[in-house]
Number of protein chains: 2
Amino acid sequence: MARVLTPRAEDFPRWYQDLIAKAKLADNGPVRGTMVIRPAGYAIWERMQAEMDARIKAAGAENAYFPLFIPESYLKREAEHVEGFSPELAVVTHGGGKQLAEPVVVRPTSETVIGEFMAKWIDSYRDLPLLLNQWANVVRWELRPRIFLRTSEFLWQEGHTAHATREDARAYARRILHEAYEDLMVNVLGIPVVVGLKTARERFAGATATYTCEGMMGDGKALQLGTSHELGQNFAKAFDISYSSAEGGREHAWTTSWGTSTRMLGGLIMAHGDDNGLRVPPKLAPVQAYVMIVKDGEGVGEAATKLCDALRDAGVRVALDDRTDTAFGRRAVDAELRGYPVRVELGPRDLAAGNAVVVRRTDGSKAPVPVADVVGAVLAALEADQQALHDQALAFRQSRTVEVGTLAEAIEAAATGWAKVPWSEVGVQGEAEANGQGVTVRCLLRADGSVPDSEDEPDLVAILARAY
Amino acid sequence: MARVLTPRAEDFPRWYQDLIAKAKLADNGPVRGTMVIRPAGYAIWERMQAEMDARIKAAGAENAYFPLFIPESYLKREAEHVEGFSPELAVVTHGGGKQLAEPVVVRPTSETVIGEFMAKWIDSYRDLPLLLNQWANVVRWELRPRIFLRTSEFLWQEGHTAHATREDARAYARRILHEAYEDLMVNVLGIPVVVGLKTARERFAGATATYTCEGMMGDGKALQLGTSHELGQNFAKAFDISYSSAEGGREHAWTTSWGTSTRMLGGLIMAHGDDNGLRVPPKLAPVQAYVMIVKDGEGVGEAATKLCDALRDAGVRVALDDRTDTAFGRRAVDAELRGYPVRVELGPRDLAAGNAVVVRRTDGSKAPVPVADVVGAVLAALEADQQALHDQALAFRQSRTVEVGTLAEAIEAAATGWAKVPWSEVGVQGEAEANGQGVTVRCLLRADGSVPDSEDEPDLVAILARAY
């Protein structure tokens, strides 16, 4: 097969851009840093949304929608929040042909405007917990945009909840972290994320604790794929989100927020892509089986249609490629690029022998299969390859992760992968030193791999890496 | 039952606002003209989206996503388009702390930016038709905002397609009009819309033909619920969307666009709501059966849980209200407000007699039903009431529509409903005169009720009405 992409080993960022362009996943938008998500990319995003939405609803949150435009004054009410987001704001100064009395910002995130409404809607402890989520676009002006990873506008879900106690808020922030985010990433996206606590330096602006899911990309760098925050009473105090308790007093609520975005598309590409293109895990794939007519011939079209129906009846998401006026080789290259988990190729010659050819994207294997057995073969391949992609990514992460004893060794190891080092060897000063060399503390873990409550716990392990 | 809303007959606009507030469907946002869609309202929107999305996909269009920000220069390329939208634009002048070299507008609609990309993606006739749709927020600065009906930001789907010929474009604009829009509105929303052609004066800015679905609201006014446009070659020429034909020449494409929005929520409220609140057609309702525990008692909770499971197994969307610490009367009023199609009330006394009480929102009927028969009774009610709501709305529309012979009579009739009048009696000048008195031509129809190709066809009928 001819080389269609810059090989990953030669130039990983170039490979990433090539793949996005050639698989028609996205384009750069006309305003710097914005993107156009093309149908092939958007279909994957829709599947991510559906899977995430189901998990968020299972955790009891309800969807709502809050305005894109936020009064500038709202941002200023929480000191750390405004400091964190001010440099990235897009500001609307004119509306309906007139200069606005107060400029409005395009939401970079919605803690402030949602805080304002939580304050209106919450009266008593009976109104808690209040569990909200929204699917929306947000804008953060990017100086060094990279498609899907850092774009001036991106799509995401942002959850916002209010609770009566700190313990409830913490439990919910962690429930979303594990039951929605980690579960989706590991079991649907096939990315074996490490889940941990961010350091104070890496915390969300206005949070008291930020939890994160970190994935290793194909070049050994880290990508933050989703975060969940305890906001303490910071926003509750800034927006007066309070409730009358069962005992009759008035208390400030404890809030959380949590988000995942179209950045997951970038993570998917970089975690599973190879030199031939994307590889989409079967559970996520909008098209799981791509049935291709190799060449027209007696009964081929009919056999393909029957096969598609049989696969659909078995619950498989199917597409038929009958564009025999385009060269088969070109279509096959395109199918590889797009990462359909299984291809089923039907041509007159194979069919005469009663066979179709089943091609698995994960390992590139090709095998003739009797037509009557194709459905079973496809189902088996989909199940096996969901696991195989995960396991490959896990093995890769393990091979590129080293345990070291000092900060200097950790920074060195971060040149090619992740370093695990005692947090006590790093600390706030070591973290700043690492940052100066392009290495960040991705998260902190307990020795047993579980998620700590605070960076002050003893015996924590820090993961250091370069990151997107 | 105590009066909770201003009666419709007393003050219809006030009733509308009351209902939205008390059923917790939405709130006004902090920036003038924006809105917050609360969970009860958003859940209905999600069902509308799912039903619409399925129809759009069935018509072959694929979802994509284009940027929120559009260079100001793009808008200016199509003369009528910029003239139509300029007064409503929100303009971003600052991004990332700096003044922008070129201001960007927040999309009021996306013909221009999508046109730019269609031009890049379309090369040959093989690339046509190109059928795209996006779910997005758009901004049109509103001087007289009204929640759901005219808001400065709203949510919608906007379809954009490119075709090789005018005939193909027209056929597709009409396919969406009938198969997606009319079908959804009539068969899911239960609103018997009239489908027709807009006059030149009411056409979308930049279109050569605009088709519309018009519904009658509970006060006899009209609401435009969805439009589909033929854009001719206007945008194709402005953005150079062209293709090489099978014969080898280079031709401009023919484009369409079409949209429906959160305005449908306003239409739903005003078409079916009554003095007790919303009435949601069963096919659309996020909660179809609302199972209420009237009072705690021996076996009541268990019976309610079993009943919910049985309803769910029968494919019914169910919610359980076991908040027995809140007065039953208050919860019942709330259930009426929210418009759940069927309530099933379970209390110790009824249950002792083996019964539950089934209450239908559509006609307010209440009947004891043996517990074993509840599932069947609910299914029958859901089916009957979907039709009943539609038929009530149709009967109302017919009772408020008169056929008249002159413009003066039509304007008079529009005080209380719709007037059908020969278009030849109105014409461009009569239309301006009607507009001066707050009456608009909603659409033009052929004598047989079908949709004309042009306002120049003979014997057309105009529908005149006041409108939202």
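**Backbone geometry at selected loop positions**

B:Asp459 is placed in the loop that runs between strand E22 (440-445) and strand E23 (461-465) of chain B. In this predicted model, the residue B:Asp459 has a positive phi of about 60°, although it is not a glycine. B:Asp459 is exposed, because its relative accessible area of 66% falls in the range over 50%.

A positive phi in a residue other than glycine is also found at B:Asp240, where the value is near 55°. B:Asp240 lies in a loop of chain B, with helix H7 (234-239) on one side and strand E12 (242-244) on the other. The relative accessible area of B:Asp240 is 46%, a value between the limits of 20% and 50%, and B:Asp240 is therefore classed as partly exposed.

Cis peptide bonds were examined next. In chain A, the bond from A:Leu128 to A:Pro129 is cis, and its omega is near -5°. The proline of this pair, A:Pro129, is located in the loop between helix H5 (111-121) and strand E7 (130-139) of chain A.

In chain B, the peptide bond that leads from B:Leu128 to B:Pro129 is cis, with omega near -5°. B:Pro129 has its place in the loop of chain B between helix H5 (111-121) and strand E7 (130-139).

Conventions. Residues are numbered from 1 along each chain as its sequence is written. Chains are lettered from A and ligands numbered from 1 in the order in which they are written. This is a predicted model: local features need pLDDT of at least 70, side-chain atom pairs count only at pLDDT 80 or more; totals for chains, interfaces and linings use all residues. Side-chain values use heavy atoms; hydrogens and water are left out. Helices (H or I, at least four residues) and strands (E, at least two) are DSSP runs, numbered from the N terminus. Buried means under 20% relative accessible area, exposed over 50%, partly exposed in between (1.4 Å probe, protein chains only).
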